[in-house]
Amino acid sequence: MLSQQDMLEAERHGKQVRSIYVYEAPVRLWHWINALCMVVLAVTGYFIGQPLPTVPGEAAENFLMGYIRFAHFAAAYIFAIGLLGRIYWAIVGNHHAKQIFKLPITNPQWWSEVFFELRWYMFLEKTPKKYVGHNPMAQLMMFFFFTVLAVGMVFTGFALYSEGAGLGTWSDSLFGWVIPMLGGSLQVHNLHRLGMWIMMTFVLVHVYAAIREDIMSRQSLISTMISGWRMFKD
Amino acid sequence: MTETFYEVLRRQGITRRSFLKFCSLTATSLGLGSAAAPRIAHALETKARTPVIWLHGLECTCCSESFIRSAHPLTKDVVLSMLSLDYDDTLMAAAGHQAEAIIEEVKKKYKGNYIVAVEGNPPLNEDGMFCIHGGRPFVEVLKETCADAKAIISWGACASYGCVQAAKPNPTRATPVHKVISGKPIINVPGCPPIAEVMTGVVTYMLTFDRIPELDRQGRPKMFYGQRIHDKCYRRGHFDAGQFAEAWDDEGARKGYCLYKMGCKGPTTYNACSSMRWNGGVSWPVQSGHGCIGCSEEGFWDKGSFYDRVTSITPFGAEANADSIGKAAAGTVGAAIAAHAAVTALARARQKAGESASTSEEQKGE
């Protein structure tokens, strides 16, 4: 009885729900793998710079820093290869897959909507606009605080990795030049760590905005990154 | 024709047997394998000595102090004999005009065929008046002397990077040699001072093979600056295990645990200290219980405390490091998010109340 009632009700309301397929499977898969990598990278990275308290016992019986660094490097490889795969998908995937790599900065309409979104987040607009992909403000933030920053983290990260890997290794040949360019190894360590903090601060904003817009914007956000479908609730 | 190295050695009473032993030893220490030993011997037997002019700019002479203490006695003898050290104002007996005339003579006689070893650097402010050499600004002497040189060796952190006199705010505008001289091969041998055997090793290589050693991106010989202190540190096992000295007098410090948390710069410093050590292999900073201060890295005076692992980042102020900046940013943004969420909830509640009021009014109207 109850389910029948629910179905009727859902049907009556459901007429108004429209949905569009936004995020293709590779984008969704990448998003969550990437999220997991970032958590592992941030936590292990924090403890590489500020290690845990000293481990008792013989050195030969322990490998704590070794394991932490291994996890960091493994996650870094997945993060970097994932980023390459994501760039590939930006080329071959649908137009939503290109959003975080390309800003339509020559389009005045886009800019006006960036400011519209800014007013919306500052409570100066009563009703939000609907977007199939990222809203222009989100796109701008994603581009600088994820795409550009992630590339920077990959470059500085593999430059630091090359220090241990040694001269003449692939990481040294590709990224070794970053270290003298940025003013030495210590400086690159510091910038890489600062990049981690900026990224984590952005994660806070990203998660908050996703939850808030999921509630406020009358469209689905979080489930969209799971199913790929964006639902418009009115 | 000047004497060959071999002739000088024999004249000094060194036997052929010792000479050949030295050749093998040098080949080994340069990582060249046993086949290189006869080549070194051949070169030393047949080549005329290369004249070297050793200039002193703005510096403390610690490079010279290190160099003349090169531990292996034969190395020292050979290198000091090999080098036809024609000019070195701190070591030579001549002085004044007599000494200065030698530079001119070497320049004429060995044009394009001598080596200039520079200790210290030229200050450029006030037309270079902060360092006067023979009555003239050092920068002028340096440029003139280097003009006809075959190669230039920048000894130490001063010549390579600027060192303490170039630390902020660098009042004399002390400038590393490679930023003043162009168009000549320049070998950077950083360190404050560099290890003696590294210095003699570089010179031996250049005189033996008649070419400069293979250099990395920062112009340093790969054979000595190819790895970090950390990569060859004997305490590395404790680092990988997660065992650290947490204070200078704790159990970890006594047990010789890794000095990473005490701000050791081994992981960010390229030098040969952990493999070659100092004073004839007696010890080196980490072995004596103090972290590396990174003296062979560019601008090491301006990169924060020697005793912090996560050091301060200059543009953000003396006490701000990546962690304090990051935590402040994350905290501020977190608080802003909480405030934003609260305002959102409030606005939404008010809006809902308004909506339900209007709908109930509508219902009444119906």
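Predicted model: local features only at pLDDT ≥ 70, side-chain atom pairs only at ≥ 80, totals over all residues.
Local features need pLDDT of at least 70 and side-chain atom pairs pLDDT 80 or more, while totals for chains, interfaces and linings use all residues. Residues are numbered from 1 along each chain as its sequence is written, and chains are lettered from A in the order in which they are written.

**View 1. The largest nonpolar core has 86 residues.** A nonpolar core is a set of buried Ala, Val, Leu, Ile, Met, Phe, Trp, Tyr and Cys residues joined through C-beta atoms within 7 Å; buried means 20 or more other C-beta atoms within 10 Å of the residue's own, with C-beta atoms placed from the backbone. B:I53, B:V116, B:V118, B:I152, B:I153 and B:V202 touch the most other members. Helix α10 (residues 196-209) of chain B gives the largest share, eight residues; helices are DSSP runs (H or I, at least four residues), numbered from the N terminus.

**View 2. Chain B meets chain A.** Contact (C-beta atoms, placed from the backbone, within 7 Å) involves 43 residues from chain B and 36 residues from chain A. On the side of chain B, α16(B) supplies the largest share, twelve residues.

**View 3. Helices α5 (residues 136-165) and α8 (residues 185-216) of chain A cross at roughly 150 degrees.** Their axes, lines fitted to C-alpha atoms over the stretch in contact, with angles running from 0 to 180 degrees between N-to-C directions, come within 9 Å. The two helices are therefore roughly antiparallel (angles over 145 degrees). Residues of α5(A) in the contact include A:F145, A:L149 and A:L160, and those of α8(A) include A:L191, A:I198 and A:F202.

Methods
Buried ≥ 20, exposed ≤ 12 C-beta atoms within 10 Å, placed from the backbone. Contact = placed C-beta atoms within 7 Å. Parallel < 35°, antiparallel > 145°, perpendicular 65-115°, else oblique.
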